[in-house]
Amino acid sequence: MQRPMIYTVHYRLKNQAGEVVDTSEGGEPLHFLEGSDNVIEGIQKAVSGRSPGDSLEVTIPPALAYGEHNPELVRKLPRSAFEGVENLQVGMKFQTNTGDEAQVVQVVGIDGNLIRVDANHPLAGFTLYFDLDIISAREATEDEAAAGQPLTPAP
């Protein structure tokens with residue numbers, strides 16, 4: 001059975017108007033194991049079978065990125081839930097520990113003593129536009145395949 005590939009990719013994330021909103025250029029490229037859950041499915045599908053030197057323009061729908069925006073993940077909480085937080089502001093992020101998993105919520109509205117928080121990923125519901133440049137592609141080692149991630153630094 002063939003082992004998964006390790007890809008190293010530089011990316012430029014653009015908004016619908018074509019303006020770059022995030023990039024790896026000038027920094028660390030994206031380095032991931034094919035099939036791992038630390039890179040969105042749309043990027044993995046786009047680079048699968050590609051070679052170093054390939055450049056792609058990719059449009060990734062929400063279903064292959066961070067999912068649709070789920071209104072059930074937007075909640076109103078009493079200000080008392082933020083006890084000890086002075087100067088609570090829209091945009092602040094908090095980690096909650098409910099049940100077995102931690103969740104990050106962002107304050108998206110303040111109406112008196114009611115605080116509206118959103119646990120959706122900030123890019124949920126958005127179509128993403130990427131320019132991808134494949135720097136390297138190689139078969140994962142047995143240890144990397146078992147670990148589910150690259151174990152050596154990107155080239």
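Predicted model: local features only at pLDDT ≥ 70, side-chain atom pairs only at ≥ 80, totals over all residues.
Is Arg12 buried or exposed? Arg12 is buried, with a relative accessible area of 14%.

1. Arg12 and its partner. The side chain of Arg12 meets that of Glu25 in a salt bridge, with 2.5 Å from N to O. This pair ties together distant parts of the chain: Arg12 belongs to strand E1, while Glu25 sits in the loop between strand E2 (20-23) and strand E3 (30-33), 13 residues apart. Glu25 counts as partly exposed, at 42% relative accessibility, whereas Arg12 is buried because its 14% falls under the 20% cut-off.

2. Lys14 and Asp131. You will find another salt bridge between Lys14 and Asp131, whose closest N and O atoms are 3.2 Å apart. Here strand E1, which holds Lys14, is linked to strand E9 (residues 128-139), which holds Asp131, across 117 residues. Lys14 counts as buried at 19% relative accessibility, and Asp131 counts as buried too, at 13%.

3. Arg3 and Glu142. Arg3 forms a salt bridge with Glu142, and their closest N and O atoms are 3.7 Å apart. Arg3 lies in the segment before strand E1 (5-14) and Glu142 in helix H2 (residues 142-147), so that this pair, too, links distant parts of the chain, 139 residues apart. Arg3 is partly exposed at 29% relative accessibility, and Glu142 is exposed, with a relative accessible area of 60%.

4. The overall count. The model has eight salt bridges, among them the pairs Arg12 with Glu25, Lys14 with Asp131 and Arg3 with Glu142.

5. The largest pocket. Turning to open space, the largest pocket has a volume of about 260 Å³. Its lining is made up of 14 residues, and those nearest the pocket centre are Leu77, Phe82, Thr96, Val105 and Val117.

6. Strands E5 (74-78), E6 (93-98) and E7 (101-111) each give at least two residues to the lining of the largest pocket. The largest share, three residues, comes from E6. By type, the lining of this pocket divides into nine nonpolar, three polar and two charged residues.

How values were computed. Residues numbered from 1 in each chain as written. Heavy atoms only, no water. 1 Å grid on protein atoms, 1.4 Å probe; cavity = no way out; pocket = protein on both sides within 12 Å on 5 of 7 lines; lining within 4 Å. Points joined across faces, edges and corners; volume = space filled by probe spheres on them. Helix = DSSP H or I, 4+ residues; strand = E, 2+ residues; numbered from the N terminus. Nonpolar A, V, L, I, M, F, W, Y, C, P; charged D, E, K, R; others polar. Salt bridge = Lys/Arg side-chain N within 4 Å of Asp/Glu carboxyl O. Buried < 20%, exposed > 50% of the residue type's maximum accessible area, 1.4 Å probe, protein only.
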